[in-house]
Amino acid sequence: MSNTFTVSLNGSPQLVTGPHDVPVVILKLGDAVQAYLNNCPDEHLPLETDDALPAVNSRGEIFCGHHQASFDGCSGCFLRPGTARHIDRLREGLISIPVVEFNGQDVTLQITPDVVTAWDRIRRIRFRKSFGRGVRGAVRHQLARLAGKGPAHILNR
Ligand code: FES
């Protein structure tokens, strides 16, 4: 599988999926383009939410939609935590994806082995977290059922 891929820009930020299923967020900042693994190091969630793309302000700072931690769009460096709690993780910043070529419309990116390794690690973390949530949810459901409480009560927690 080729590790480079080309995307036609149609917005900023733009979310795409590269080789190895790597999720990528692309930012157009003035005449330049930057790309990052679409992962917020706070909770290892995508930077977007179900409702909205990550926000980018006029200074080129990108904000995670979950707790509004911000990162410098040019470097990926952590700026401010918003309401996020894992400052040590946030300091790792965003993981950069090299831009091979940009002609003003199309951008060619390279998914390096380091990015693939990082994505594999993050994917495992996300899987463990979702599995944990699933088990906790199932246990809560069973406990509520045994206590004679209905699903509405569970959902309202
Ligand atoms: S998950 Fe991004 S700020 Fe918390």
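A nonpolar core, as the term is used in these legends, is a set of buried Ala, Val, Leu, Ile, Met, Phe, Trp, Tyr and Cys residues joined through C-beta atoms within 7 Å. With that in hand, welcome to the close-ups, which come from a predicted model.

**View 1. The nonpolar core with 25 residues.** This is the largest nonpolar core of the structure. The residues with the most contacts inside the core are Val24, Val25, Ile26, Ala35, Leu37 and Ile97. Strands S3 and S4 each give two or more residues to this core, as do strand S10 (106-110) and helix H2 (113-146).

**View 2. Leucine 37 and its contacts.** Setting aside residues up to four places away in sequence, leucine 37 touches Val22, Pro23 and Val24, together with Leu94, Ile95 and Ile97. Val115, Ala118 and Trp119 are also on its contact list. Leu37 is named, too, among the residues with the most contacts inside the core of View 1.

**View 3. The open sheet S2-S3-S4.** Here 3 strands lie in the order S2-S3-S4, and their pairing is antiparallel. Strand S2 (14-17) and strand S4 (32-37) are the edge strands, each pairing on one side only. On average, and with direction ignored, neighbouring strands of this sheet are turned by 30 degrees against each other. Look at the S2 side for the 4 bridges that join S2 to strand S3 (residues 23-29). Leucine 15 stands opposite valine 25 in S3, and Val25 is one of the core residues listed in View 1.

**View 4. The open sheet S1-S10-S9.** Another antiparallel arrangement of 3 strands has the order S1-S10-S9. Strand S1 (4-8) and S9 each have a single partner strand, so one side of each is left without a neighbour in the sheet. Neighbouring strands in this case are turned by 20 degrees against each other on average, again ignoring direction.

**View 5. The hairpin of S9 and S10.** Glutamate 101 has threonine 108 in S10 as its bridge partner. The two strands form a hairpin with 3 residues between them, and glycine 104 in the turn has a positive phi of about 100 degrees.

**View 6. Stepping back to the protein.** Of its 157 residues, 22% count as buried. Among contacts with a separation of 6 or more, 40% are between residues 24 or more positions apart.

Notes:
Residues are numbered from 1 along each chain as its sequence is written. This is a predicted model: local features need pLDDT of at least 70, side-chain atom pairs count only at pLDDT 80 or more; totals for chains, interfaces and linings use all residues. Two strands pair if DSSP finds at least two bridges between them. Axes are lines fitted to C-alpha atoms, for helices over the stretch in contact, and angles run from 0 to 180 degrees between N-to-C directions. A residue is buried if 20 or more other C-beta atoms lie within 10 Å of its own, exposed if 12 or fewer, and partly exposed in between; C-beta atoms are placed from the backbone. Two residues are in contact if their C-beta atoms, placed from the backbone, lie within 7 Å.
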